[in-house]
Amino acid sequence: MTRTQEKQAAAAPSEAPPTPRWRRVLRWCIAILIGFAGLGYSSWVLEFLLPIPSDPTNTFLSQLAEKGAPFRWVFTTGDTVSGAMLAVAGIGGLLLFSRRRYSTIGWIALTCFGLSTIADAQWPIDPTVTHTYSESGLVPQLHQIHALTSSLAVFSIYIAMIAFSVAAFKYKRWPILRHTGLWILIIGSVVTAWMLIADNLPGNYGLGIAQRIQVGAMSLWLVVLAVQIVLAERDSDRRAG
């Protein structure tokens, strides 16, 4: 080999080694966990199929799983299983995917969302406390542990959605999150603002509908994240092949 060829060989970028098979399998498992968790977190849609006397326009989803509610086990089980899958997926993503600032924040927030969702299901609303504070004019849920776990869950998932969206733009990867995921985030944020403003005004303003749209956006975003991970891994496999 001549000196010129040696210089060209040294200057040529070395090909990245293929991703080990076990890492690819684990990443696919993470995507599957997130996807099924997104579906499980939307177990509240069963309220339209089960004989539950609730009005979606003026009831919160937490009331479906409050103590003494019919079929509460369906909704608590769905949230508990979904939360556990997300906690595992979040820890797995933190360990397996590249360590970058915003994606790391996203995986940590997703783990916190999973744990908060489990706590949310295990500490449901106590209707006796609700009746105790019904004359105070305050939202009854604010007097219970369930309010804290719900707030932590919502805060965590929005941190995850924002962090992954920023990572998708900043690192120029995961195009589905840059487009579909971003629109879901925007819609969910608008509905959340609707809830926060309407909750401090007299009247109903369809808070039940707003919350169902909000939670539906969360579930849909989780499914989108799972699809994005699957497609990213598929593309990675093709390049490696």
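Colleague: Which residues do ring pairs link into a cluster?
Modeller: Keep in mind that this is a predicted model. The cluster holds Phe97, Trp107, Phe164, Trp174 and Trp221.

Colleague: And how many aromatic pairs does the count come to?
Modeller: Seven aromatic pairs. One of them joins tryptophan 107 and phenylalanine 164. Their ring centres are 5.1 Å apart and the planes stand at 85°. That angle is over 60 degrees, so the pair is edge-to-face.

Colleague: Where do tryptophan 107 and phenylalanine 164 sit in the chain?
Modeller: Tryptophan 107 is in helix H4 and phenylalanine 164 is in helix H6. They are 57 residues apart, and the pair links distant parts of the chain.

Colleague: Are tryptophan 107 and phenylalanine 164 buried or exposed?
Modeller: Both are buried. Phenylalanine 164 has 1% relative accessibility.

Colleague: What about phenylalanine 164 and tryptophan 221, how do those rings pair?
Modeller: The centres are 6.0 Å apart and the planes are at 40°, so this pair is tilted. Phenylalanine 164 belongs to H6 and tryptophan 221 to helix H8, residues 207–240, so the contact ties together parts 57 residues apart in sequence.

Colleague: Why does tryptophan 221 count as buried?
Modeller: Because its relative accessibility is 0%. The cut-off for buried is under 20%.

Colleague: Back to the helices. At what angle do H4 and H6 cross?
Modeller: Roughly 160°. H4 covers residues 101–122, H6 covers 145–170, and their axes come within 7 Å. Angles over 145 degrees count as roughly antiparallel, so H4 and H6 are roughly antiparallel to each other. The crossing is left-handed.

Colleague: What classes of residue make up the contact of H4 with H6?
Modeller: It has 17 nonpolar residues, eight polar and two charged.

Colleague: Switching to charges. Which ring does the charged end of arginine 27 sit over?
Modeller: The ring of phenylalanine 97, at 4.9 Å from its centre. Phe97 is also one of the cluster residues. Arginine 100 has its charged end over the ring of tyrosine 171, 4.8 Å from the centre.

Colleague: Last one. Where is the place of proline 124?
Modeller: In the loop between H4 and helix H5, which spans 127–132. With 12% relative accessibility, proline 124 counts as buried.

Colleague: How far is its C-alpha atom from that of alanine 65?
Modeller: The C-alpha atoms of proline 124 and alanine 65 are separated by 6.3 Å. Along the chain, these two residues are 59 residues apart.

How values were computed:
Residues are numbered from 1 along each chain as its sequence is written. This is a predicted model: local features need pLDDT of at least 70, side-chain atom pairs count only at pLDDT 80 or more; totals for chains, interfaces and linings use all residues. Side-chain values use heavy atoms; hydrogens and water are left out. Axes are lines fitted to C-alpha atoms, for helices over the stretch in contact, and angles run from 0 to 180 degrees between N-to-C directions. Helices (H or I, at least four residues) and strands (E, at least two) are DSSP runs, numbered from the N terminus. Angles under 35 degrees count as roughly parallel, over 145 as roughly antiparallel, 65 to 115 as roughly perpendicular and the rest as oblique. A crossing is left-handed if the near helix is turned anticlockwise from the far one by less than a right angle, and right-handed if clockwise. Ala, Val, Leu, Ile, Met, Phe, Trp, Tyr, Cys and Pro count as nonpolar, Asp, Glu, Lys and Arg as charged, and the others, Gly among them, as polar. Rings of Phe, Tyr and Trp (its six-membered ring) pair if their centres lie within 6.5 Å; planes under 30 degrees apart count as stacked, over 60 as edge-to-face and the rest as tilted. Buried means under 20% relative accessible area, exposed over 50%, partly exposed in between (1.4 Å probe, protein chains only). A charge sits over a ring if NZ of Lys or CZ of Arg is within 6 Å of the ring centre and within 35 degrees of the ring normal.
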